[in-house]
Amino acid sequence: MSKTRVLQLILARLEDDLALARIAVQTAHEAATHEESVAENKYDTRGLEAAYLAAGQSRRLEEIRQALNRYRNLQPRPFDAGRGIQLTDLVRLVDGQGVEQTLFLGPDAAGLKVRDGDRQVMVITPRSPLGQRLLGRGEGDEIELTLAGALQRYEVLEVG
């Protein structure tokens, strides 16, 4: 799997997410301004709740829009063993139990998952604990980090 292909899949997923977020914003705004959302008494919070939902959906729309713009402007670079793992690198790891995972080190959209054939790729950012530990590393390096109080060990199998 090439990082160019992964980048295309991420862009397509973010575009789909943006379209869905636009619909969610419109729906939430309509609910907030609908006549049924007008409070009937001081304990009726339907309108307030709908307004909060609309504001949250609008923030989510903007987050997706910003992530999409960052990915559109992203230029994948070939892996440079001298610099180690950097932004846009595709990294295959194995944990202590032998479970492999493929990660894309991206500028945003942490946790987003895309699938190409039988391989799933998850986006992580350099701001995440694992992303921080991966920066500057290379194939064969081992990484340790504590997640939820448990020590996790990973080996970098491949970087592309």
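Residues are numbered from 1 along each chain as its sequence is written, and side-chain values use heavy atoms, with hydrogens and water left out. Because the model is predicted, local features need pLDDT of at least 70 and side-chain atom pairs count only at pLDDT 80 or more, while totals for chains, interfaces and linings use all residues.

**Salt bridges**

Side chains of opposite charge can pair when their charged atoms come close. A search of the whole structure finds ten salt bridges (a side-chain nitrogen of Lys or Arg within 4 Å of a carboxyl oxygen of Asp or Glu).

| Lysine 3 | Aspartate 89 | 2.8 Å |

Lysine 3 forms a salt bridge with aspartate 89. Lysine 3 belongs to helix α1 (residues 3-33), whereas aspartate 89 sits in the loop between α2 (46-72) and β1 (90-95), so the pair ties together parts that are 86 residues apart in sequence. Helices (H or I, at least four residues) and strands (E, at least two) are DSSP runs, numbered from the N terminus. Lysine 3 is buried, at 11% relative accessible area, and aspartate 89 is buried too, at 2%. Here buried means under 20% relative accessible area, exposed over 50%, and partly exposed in between (1.4 Å probe, protein chains only).

Glutamate 63 is partly exposed, with a relative accessible area of 45%, and arginine 60 is partly exposed with 41%.

A network of salt bridges links Arg92, Glu100 and Glu158.

**Sheet**

Strands of a sheet pair through backbone hydrogen bonds, either parallel or antiparallel. In this model, six strands form an open sheet with mixed pairing, in the order β3-β4-β2-β1-β6-β5; two strands pair if DSSP finds at least two bridges between them. The edge strands, each pairing on one side only, are β3 (113-116) and β5 (142-147).

Strand β2 (residues 100-105) runs antiparallel to β1, and five bridges join the two. Arginine 92 has threonine 102 in β2 as its bridge partner. Four bridges join β3 to β4 (residues 119-124), also an antiparallel pair. Arginine 115 stands opposite glutamine 120 in β4. β3 and β4 form a hairpin with two residues between them, and glycine 117 in the turn has a positive phi of about 65 degrees.

**Largest pocket**

A pocket is found on a 1 Å grid over the protein atoms alone, as an open set of points where a 1.4 Å probe fits, with protein on both sides within 12 Å along at least five of seven lines; lining residues have an atom within 4 Å of a point. The largest pocket holds about 150 Å³ of space, where grid points are joined across faces, edges and corners, and the volume is the space filled by probe spheres set on the points.

Its lining has 13 residues, and Arg60, Glu63, Ala67, Asp108 and Ala109 lie nearest the centre. Helix α2 gives the largest share of the lining, six residues.
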